[in-house]
Amino acid sequence: MQRIFSGIQPSGIPHLGNYLGAVRNWAALQRDHECIYCVVDLHAITTWQDPRLLAKQTRELAASLIACGIDPLAHILFNQSAVHAHVRLAWICNCVARMGWLNRMTQFKDKAGKDRENVSTGLFVYPNLMAADILTYHATRVPVGDDQRQHLELANDIAQKFNHDYGNFFPAIEPLIMGPAARVMSLRDGTKKMSKSDASEQSSINLTDDADTIALKIRRAKTDPQPLPGDVAGLEGRPEARNLVGIFAALTDTDHAAVLRDHGGQGFGAFKEALTALLVEKLTPIASETRRLLDDPATLDTLLRQGAHRAAAIAEPIVSEAERMVGFLKL
Ligand code: AQP
């Protein structure tokens, strides 16, 4: 059975993009994989996080993942800072990765923007930590949204260079980028990724939104004046229409073409109503289950603590061997 690893940052409330691009697939993959899922708090602090909120956000995200169908008993769910092997291997990855490789990372360029001199060095080496997260478990398959494709290529480059420099040890990593909503875009701008850190609350559907909030955000979602086209070619140059059709397709387990067969020619008013009904049906049970789980933080903490112990038991021998191969004195 192949081992899966993936992570999500407790940097705010998870949104529809996180759900359709990643977490929903994580839940499905549990059927035929050994899965390790991680709330990546070390990654979150690469941008400022209020220390009074980070622990709360970590718990909330863990509850949300369980509500989305992640099974913390049959598989492993934990918070990253609780397993020290990640940072030990991340340091080795920092020393294996080349500056030129990191300079090409588009996510760093997007997030740093014009403020490059003032962002944290952690943000720059973020992809090295991500490589370490995966390699720490010898995971071979990594389900992520489309925005992480370049980081996974870099993780493979790091693994290959380690294998070349120190001896064959790390397996190749296969990215699993799945479904018609692998990159969900902002509801306010179809050319921008839906993101937790977007300043506009209207740009994303959050997994904690109630039915009225979902309806309002979809009603206000940016569209264009044309009705929906009858085929996929008609979505060309219409990023907002493509985004809403992609979301509909993902929620109904179909594709863009099937949605347009049923809804092509319809104005956005009617389509938005159908999309709202679908979102409310799929997301509001997740929100109420998350609230229920958060009513019992002690049980959540126990699940995360046990997850961290089980993760550490897998990680420790792998990272110790990597350290030995590098030449560290292991007493
Ligand atoms: N818009 C998206 N569409 C599809 N998938 C997405 N993911 C994130 N945004 C989208 C996927 O969700 C997983 C967890 O992502 P993350 O929270 O760890 O980091 P991120 O990609 O940086 O997400 P955000 O929302 O943009 O967070 P902030 O604003 O804090 O940086 C990943 O698999 C990601 O691909």
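## The largest cavity

The largest cavity holds about 40 Å³ of space, where a cavity is a set of points, on a 1 Å grid over the protein atoms alone, at which a 1.4 Å probe fits but cannot get out, and where a volume is the space filled by probe spheres set on the points, the grid points being joined across faces, edges and corners. The model is a predicted one, in which local features need pLDDT of at least 70 and side-chain atom pairs count only at pLDDT 80 or more, while totals for chains, interfaces and linings use all residues. Residues are numbered from 1 along each chain as its sequence is written, and side-chain values use heavy atoms, with hydrogens and water left out.

The lining of the largest cavity, meaning residues with an atom within 4 Å of a point, consists of Gln-107, Phe-108, Lys-111, Leu-123, Tyr-126, Pro-127 and His-151. Two or more of these residues come from each of α6 and α7, helices being DSSP runs of H or I with at least four residues and strands runs of E with at least two, numbered from the N terminus. By class the lining of this cavity divides into four nonpolar, two polar and one charged residue, with Ala, Val, Leu, Ile, Met, Phe, Trp, Tyr, Cys and Pro counted as nonpolar, Asp, Glu, Lys and Arg as charged, and the others, Gly among them, as polar.

## The largest pocket

The largest pocket, a pocket being an open set with protein on both sides within 12 Å along at least five of seven lines, has a volume of about 1200 Å³. It is lined by 50 residues, and those nearest its centre are Gln-107, Lys-111, Asp-147, Gln-148 and Lys-193. Helix α1 gives the largest share of this lining, five residues, and the lining as a whole has 18 nonpolar, 21 polar and eleven charged residues.

## The ligand and its shell

The space taken by the ligand is the largest pocket, by the rule that more than half of a molecule's atoms lie within 2 Å of the grid points. Around the ligand there are 22 residues, of which Ser-11, Lys-111, Asp-147, Lys-196 and Ser-197 come nearest; a residue is near if one of its heavy atoms lies within 4 Å. In this shell, α1 again supplies the largest share, four residues, and the classes are six nonpolar, eleven polar and five charged.

A polar side-chain atom of Lys-111 lies 2.4 Å from an oxygen atom of the ligand, and for a polar side-chain atom of Ser-195 the distance to a ligand oxygen atom is 2.7 Å.

How values were computed
Polar contact = N/O pair within 3.5 Å; in protein donor to acceptor, adjacent residues only side chain to side chain.
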